[in-house]
Amino acid sequence: MCVLTLDFQQAFDRISHQYLFHILQSYGISPWFVERIHALYDQATASVQINGFLAGSIPISSGVRQGCPLSVALFALCLHPLIRALEDSLPSKKIGRHTQHGPVIAYADDVTVFVTNPGDFHAIQQAIHLYERATGARLNPRKSKALAIGAWTEPPTALDIFFHERVNILGVEFGPTIATSIRDSWSKVICAVRAQARRAYTRHLCLVQRMKYVQLCLFAKIWHVSQIFPLPLVQAQQLTTICSWYLWQVQLLGCHL
């Protein structure tokens, strides 16, 4: 298998407004709502302040607004045709004996494609090219990555994406084997939890507040990775030591991180 992580240049800023309006209409969203979105984005302009003076009026014909609660949902709707095109072109992946999973997963602008046949690269290239023409998006091959798993040796030459020894997908480190993936992912989590515990130690909190901080902040980093990889016993002991040090101030007894 080959795992591709696709990176698009300025993904949120390059979405064409005309494409956005067309997508909203294609999904059957009520004309009343589409008109309100159209009013937010149509004929939008920007100005540049130079030495205290506003210079010109620059029309804005692409991009979703930063900080707007609707932006992520609108971007997801615009990205969905690309995901559907890839799913229709690529075979689903069988994991275990019966479970079938789609060849594409996406979270906001992070798109990951699983390839099992070298011939699928051409279909991926066509789907991306069509998406670029429709939306104004641009794939960034330099920031996109490929990971070979198992006996995979074919390079994704059609996409000009380079292979890497490991890739990061939504904060989880993946390598060519399960053992290296578990080791790298949990080592990164332990370093992050240790650094956050050190920074938060000087805060004046009572024991109950520190316990809530461990549950809500420190453990949040653990829950995310534990849904993908099991926590090994050695790393579990290290995390227990870090959290105990933060809660009980054991460094006063001569113990240090």
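Author: Here is a short tour, going from confidence to helix packing to an aromatic pair. This is a predicted model, in which local features need pLDDT of at least 70 and side-chain atom pairs count only at pLDDT 80 or more, while totals for chains, interfaces and linings use all residues. Residues are numbered from 1 along each chain as its sequence is written, and side-chain values use heavy atoms, with hydrogens and water left out.

Reader: What pLDDT does the protein average?

Author: The average is 84, and 93% of the residues score at least 70. pLDDT is the predictor's confidence in each residue, from 0 to 100. Over residues 250–257 pLDDT stays under 50. Where pLDDT is low, the predicted coordinates should not be read in detail.

Reader: Why are α3 and α4 called roughly antiparallel?

Author: Helices here are DSSP runs of H or I with at least four residues, and strands are runs of E with at least two, numbered from the N terminus. Angles run from 0 to 180 degrees between N-to-C directions, with axes fitted to C-alpha atoms, for helices over the stretch in contact. Under 35 degrees counts as roughly parallel, over 145 as roughly antiparallel, 65 to 115 as roughly perpendicular and the rest as oblique. Helix α3 (residues 71–89) and helix α4 (residues 120–135) pack at about 160 degrees, their axes 10 Å apart, so they are roughly antiparallel.

Reader: What makes the contact between α3 and α4?

Author: On α3 it is C78, L79, L82, A85, L86 and S89, and on α4 it is A123, I124, A127, I128 and Y131. Contact means heavy atoms within 4.5 Å.

Reader: What makes α1 roughly perpendicular to α3?

Author: The axes of α1 and α3 come within 10 Å and cross at roughly 80 degrees, which makes α1 roughly perpendicular to α3. Y19, L20, I23 and L24 of α1 meet L74, L77, C78 and P81 of α3 there.

Reader: And how do you know how α1 and α2 are oriented to each other?

Author: α1 and helix α2 (residues 31–41) pack at about 170 degrees with axes 10 Å apart, so this pair is roughly antiparallel. Among the contact residues are H17 and F21 of α1, and V34 and Y41 of α2.

Reader: Why is the pair of F8 and Y131 called edge-to-face?

Author: Rings of Phe, Tyr and Trp (its six-membered ring) pair if their centres lie within 6.5 Å; planes under 30 degrees apart count as stacked, over 60 as edge-to-face and the rest as tilted. F8 and Y131 sit 5.7 Å centre to centre with 70 degrees between the planes, hence an edge-to-face pair. F8 is in the loop between β1 (2–6) and α1 (17–26), and Y131 is in helix α4, 123 residues apart.
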